[in-house]
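I opened this model to look up its charged pairs, one of its sheets and its nonpolar cores. My entries follow in the order in which I worked.

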Amino acid sequence: MPVRSFLALSLFIGAIAAGGSHALAQRALPDRAVWHDPAFSRQVEARNRAIRRRAVNQRRAVTPQRRASQHLVPRRSYNLRTRTYSAPIPGRYANPYGRGRVQAETAQETGVPRYATTRPPAYRTRTARQPAYRTRAPRQPVTRYAAPRREATHTQRARTGYVRPYQIRSANPYDGPVYAPQNPRRAQAARLPQSRRPAPATTPRARVAGANRTVNVSYPPGYDRVPTPLFSRASLEATMRAAARYRLIVRSGGWRRIPPGKGLRMGDAGNRVVLLKYRLIKTGDYPRPASITTVFDQRTRQALLRFQARHGLAADGTAGAATLRALNVSAAERLATLEKNIARLRGKLAARLPGRFVMVNIPDYRAEVVERGRVRARHNVVVGRPSRQTNIIRAEITEVNFYPSWHVPQSIVEKDLLPRLRRGQNALDHMKLQVMRSWDGPKLNPASINWNTRAASNLKFKQGPGPNNALGMVRLNMPNRHAIYMHDTPAQSLLDRRTRAFSSGCVRVKDVFKLTNWLLRDNPGWNADRVRATLRTGRSDNVKLAAPVPVYFGYFTAWAQPGGAVQFRPDIYGHDRQLKVAERRKR
């Protein structure tokens, strides 16, 4: 055989042998050699997505009826390298009850298998977040009753003074439901006769039905039971005595500030609690004990309630942010506030007061009905917001308007109504307003008016009478140059809030029907029954008073009662700061 042919045959046989060995080596390679195959990677990703989608659908399908029969199953994950599912990791389990990871109870604690647990179907279980690996015993879960309404917030409980009965707080989820106590105010009202129960002011019909019910005069928290009016010599003398006490506190060094931090409540202990007790002792809210402990006890809570009532705060017995701010106001600032209000009281008492009048204290959001030197009733009121303040005036109530029409003031037209109309809002139909060029002119078609022109601000807007009128069902007409008056309101919920500065300058009165009865008492033929009958007709009626009743709008942020309780209210309009600047300029 020639040499050249032999070399060609050798090369051919070598190529065949190399190809076979490459195929064998390809079979012997591990999985990582096929790792970069795009088709296989897509299959793995699709499989993982299907696993995750199936898990999500299983969690969404859990219903309260099936929760008791479901189990806590071990978590498992898919390994891309070995194409297998990993073994369960000890201590890590899927939670069919909600988000996060939870630690299942052991068989010794619950008497059920380790991978299973049961819950009553009418309960929702919430457990704190826990790490993936946990060696110590898990926290006790917090159980709530699955009621259709949500739990009342802390502010609602402080405002209303009770806890809703469907709230349940149980340390052990197997204890069963534990209902909160009934509302004490409602329980007390239920024991009264039907004629003496307060009428619910929810609908116009219910309010009219309760217009003539006789209810005892109620004094808000923080007021003495002795009905001493703010405009009286006794109140002025008590305020002067309070200023003398605060002057001694200032000379002795005042009181220390409480460091900032979280709120203080029952059971807390520490140096801040001690400072709180000393602060309350200084102003007489906390009787000085033989020894002061570091624990926030029941006596401290009662003292804090008295302090909150005197300062117009939410009386919840806890030192929150607002209470701490009031506590940290210095004694010198409190003394300056008392001295400024003494000057205001002297100015009001310089003239002789009538025997029958109404006084509205703007920072206190209340009106006093005074007759023969005694307070006959106190009413919650809504005053002007800081941007549209209620003016300090003296006027006379001359007329009672039943179902009045509301002539929208020019300030509300320019600041509220026209901007809404220019933005395209259908405010006219929503408020049922009529547009005219003059109060006696014909009605205009709103579609034919260009609201972006200057002439639009000269138009007049009027709202017809009715229970949903902005003035409500009664207006107390008191002519004055500021066009301010007292009236009813369909938004009765605002009258129960602690801070009530929401109006555009006028004063909205709670229980205005009772005030109307008192005003019309001297009119022949007018009594509570006739007032209610007039309200039931739904027709407009203007009744002039037999004798005009003076009304005073005052601004008093501090005063004292003859019993010794000193009242402080926030300076919502900043008049105290302005008075301070005027005193400095005078010097």
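**Salt bridges**

I began with the charged pairs and counted eleven salt bridges, taking as a salt bridge a side-chain nitrogen of Lys or Arg within 4 Å of a carboxyl oxygen of Asp or Glu. I note that the model is predicted, that local features need pLDDT of at least 70 and side-chain atom pairs count only at pLDDT 80 or more, while totals for chains, interfaces and linings use all residues. Residues are numbered from 1 along each chain as its sequence is written, and side-chain values use heavy atoms, with hydrogens and water left out.

I looked up R366 and found its side chain in a salt bridge with that of D364, at 3.2 Å from N to O. R366 is buried at a relative accessible area of 13%, and D364 is buried as well, at 4% (buried means under 20% relative accessible area, exposed over 50% and partly exposed in between, with a 1.4 Å probe and protein chains only).

Next I took R378, which forms a salt bridge with E368, their closest N and O atoms being 3.3 Å apart. Because R378 belongs to strand β7 (residues 374–384) and E368 to strand β6 (residues 366–371), this pair ties together parts that are ten residues apart in sequence; strands here are DSSP runs of E with at least two residues, numbered from the N terminus. Both R378 and E368 are buried.

I then checked D522, whose salt bridge to R521 has its closest N and O atoms 3.8 Å apart. Shared partners join R356, E371, R521 and D522 into one network of salt bridges. D522 is partly exposed at 44%, and R521 is partly exposed at 41%.

**An open sheet**

I traced an open sheet of three strands, ordered β9-β11-β10 with antiparallel pairing, where two strands pair if DSSP finds at least two bridges between them. β9 (406–407) and β10 (433–436) are the edge strands with a single partner each, so one side of each has no neighbour in the sheet. Four bridges join β10 to the antiparallel strand β11 (residues 460–463), and V435 stands opposite F461 in β11.

**Nonpolar cores**

Which residues have the most contacts inside the largest nonpolar core? In this core of 59 residues they are F402, W451, F461, M478, M486, L515 and F553; a nonpolar core is a set of buried Ala, Val, Leu, Ile, Met, Phe, Trp, Tyr and Cys residues joined through side-chain atoms within 4.5 Å. A second, separate core has 25 residues, including L236, W255, L345 and A560.
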